[in-house]
Each structure stands twice: as structure tokens, then as C-alpha cells.
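Open your viewer and get ready to click through a few stops. Each one tells you what to select next and what is there.

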Amino acid sequence: MDMMISNLQQQRQVTEQLRREAAIKRISVSQAVQDIMKFISEHEQDDCLIVGFSSQKANPFREKSSCTLL
Amino acid sequence: MPKDDETIQLQKELQDLIAQVQDMQKKANDAKLEDTCGSMGDVPKVRLVTKKLLKGHINKVNSVHFSGDSRHCVTGSLDGKLIIWDTWTGNKVQVIPLRSSWVMSVAFAPSGNFVACGGMDNMCTVYDLNNRDNTGAAKIVRELAGYEGFLSSCRFLDDKHIITGSGDMKICHWDLESGKKTMEFNAHAGDVVSMSFASGEGDNPVGNTYVTGSVDRTCKIWDVREEKAKQTFFGHEADVNSVIFHPSGQAFATGSEDKTARLFDLRSDQQLALYTPPNKTSGFTSCALSKSGRFILCGSDDNSIHIWDAMKNQHNGTLSGHENRVTSICMSGNGMALASCSWDQNVRVWV
């Protein structure tokens, strides 16, 4: 971990910052992953890369036919 | 330089804190991502093809960003132009000539009303897409100057606020109504090359939390209201070129010069996964996530875009088509399309 510490002031700031970051509450990786899995499962049906388009009409990028309703 | 007692004390405390943090992270590391996800269903092979090949730029295209409407996107090129594209039709909606051709980063306001760009001109310029000047081009509403380095990244919080990362290692917050800088602080030990906001509450596309990626190989988490970082993530062995928040708000993905992509988790404060392509030859310039967060996509120096199942850590596919480095990719907000741009001067919309 490179720190650019060139004087006392910076040293204080770096140490204070790490004190703050060290103090955060951490949860277990297994819990974190469970929660992310839950989010993904709940949103799977909205993810086009997983479920694709429900019909061609739902795809705004499709080639449009030459007839349009005016 | 003679060290006094306080310096020595602080340095020792620093070493102790580092050891403490690594210890706490280790304790939290009670499972492997790939194992925990064993129960998840497999995903199909992603089928994305170039639905629109957007031609118009006449030099390298460096950056692309979607509007909140998931339909329009803006690209910036070394040809000195911003082009606003309608990705549904492939049409150019606006072409904005820039005062400087050295554009490195572009951003579309979620509302679709404004775009911003900047680069080696050491400025961030904001254009109003609904107001033209007397040449017919989108009007410049703000020229944000005062940077001591190039503008490497920018993102709108909303129509009135923008945040920038620059080559002078700082982050600046600007109020666009007054044109004044509301915050400026040292952020990293290197250029701040990428930033990404977490989604907000309800329909708000932008929340209070954002992540930055830097040439100093770290990523940091910030709250828009504060000048000190919340968390710092280590792991990458070279420049972090791109960061993107996971739609869950609990994690973020990265693409790096070190030829890996990674997933970092905020609440366990550590890296969850490392992704590499079958041939680990090139750095990643950009990254994106699918709408549910199941897939991670990265644009590469090898001219392609790699896709992984982010949870099972399996390479899912490669999007080929660009004929030179892919510089930037962006997923539309509705998750239907991926826009990519390249040194080959083209922009592709993959659907």
C-alpha cells in the first residue's frame, strides 16, 4: 500500500482516515453474497440478458415494418 | 528528515490499523462467492448482436453514456465532436462541435436535458440539448474550469449538479445554476478515471453513494455530502479503468489494466470475485452490469467485449465486431441494450 506521506499533517490525515475506514461494521461474505443472490433472483425477470424479450413487439430496436399507423 | 515522536507513533498506528482491517476482512471471509451461488440456476449463453452500427465519427471514440430514457446516448470523439444518437433508429439527433478535440469523458444527465464532456482541455463543459446557439448547436451552459489536470470522468447527479474526477487526483462537485464549485478535495493518489452512482430511492436513478476508480489501483466509496471517503478497496494490480455500481447497491464491478475484472462488496468490505477471459492478454477499459446484476461485461484492448456470469464466475461469451480497442461501454437503464465505442471510430448498439 503506497502512501504519499511527506509531512506530519499528511501523516495525521492518512491515519485519521484509516481510523474512520477501519471502524465500519462488516458483515460476513456469506451473508453479503446471500443478499446479492436474493436481489438478482428478484430481478431476473427484468433482465433482458437472461430472459430476452417477451415478444418482438417489446423490442424497441427491432426492424420496423414499412406500415405505420398515422 | 528527523522523525519526531508523533510521526513515529502515527506510522505505528497506521501499520496496526492496516493489520486490523485485514484481520477483520479475513474473519468476514467465511465463504467463496462461487460456492455460495451453487444453488443458483445456470444462465443461458448471452445472445447480443450488433443491432445498430453507428457511423459518423471520423476519429477514435473515447466515451459513451446513455440518457436516462434508455434510448439516446452521447459519444465523444477525438474528431472534436459530441454526437447524440437515437439508438432505436440509429439516427444522429445532434452533433455538437467542441472547442477542444481532446475529449476523454462524456456524461448524459439522467433527465436527457444536458450532456457534459471534458478531457485534455482541463475543463468540463455542459451543453443544453434543448437550447441552441446561433450556429444551431446545443448551447454551452457552463464551462467549469480550475482543474490542474485533465478531466477524466464526470457524472450528473441531476440537472443542477455534476461531479467530476480529474488527472489532478481530485473530485469536484459543481452547482450548475451558480456555476460554482461546492466541493473540491483530494480523492486518490492518482488520476480519478471513473465514477459510478448507486441508484437512488424509488424511481430516482441517482442516490447519495458513488464509487470511484483510479490509476492508484484503488476504488473508493463516497457519500455525495462528504469529502472523506467511506471505504477503500485494494486488490487491482494496475490502473482501475472503470467502475460500475451493482444494481443492488451492495457491490460494484471494476475493469482494470491488470487484465482482470472484479466484484467488490461494500458490507463485507472486500473483493468477492476476480474474472478473467479465456485468453488473458489484454487490459479492460470499461465495464457494465446487466439489469439484475447477474452479468458483468467489460470492454477490452483486444477489440472485444467479454461477458461473465458474475455469480458463478464463468466466462459466458465474447462480443466481437469492433476493429480496434473498445474504449467505453454503457448499459441502458432498462437493461435492453449495450452501447460500445472504439478506436475504430464506430459506436455499436448490442441488443
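Predicted model: local features only at pLDDT ≥ 70, side-chain atom pairs only at ≥ 80, totals over all residues.

A disulfide here is a pair of cysteine sulfur atoms within 2.5 Å. Residues are numbered from 1 along each chain as its sequence is written, chains are lettered from A in the order in which they are written, and side-chain values use heavy atoms, with hydrogens and water left out.

**Stop one: two cysteines**

Select B:Cys154, whose closest cysteine sulfur, in B:Cys124, lies 4.6 Å away, too far for a bond. B:Cys154 is buried at 1% relative accessible area (buried is under 20%, exposed over 50%, partly exposed in between, with a 1.4 Å probe and protein chains only). Next, pick B:Cys341: it is buried too, at 0%, and the closest cysteine sulfur, in B:Cys73, is 8.8 Å from its own.

**Stop two: a helix in chain B**

Now select α1 of chain B, residues 5–28 (helices are DSSP runs of H or I, at least four residues, and strands runs of E, at least two, numbered from the N terminus). Its buried residues include B:Leu10, B:Leu14, B:Leu17 and B:Val21. What covers the buried residues? Show α1 (8–22) and α2 (29–43) of chain A and β21 (270–275) of chain B, which are among the covering elements.

**Stop three: a loop**

Finish at B:Val215, in the loop between β15 (209–214) and β16 (219–223) of chain B. B:Val215 is partly exposed, at 29% relative accessibility. Beyond its neighbours within four places in sequence, its contacts (heavy atoms within 4.5 Å) include B:Gly190 and B:Asp239.

Methods:
Expected span 1.5 Å × (residues − 1).
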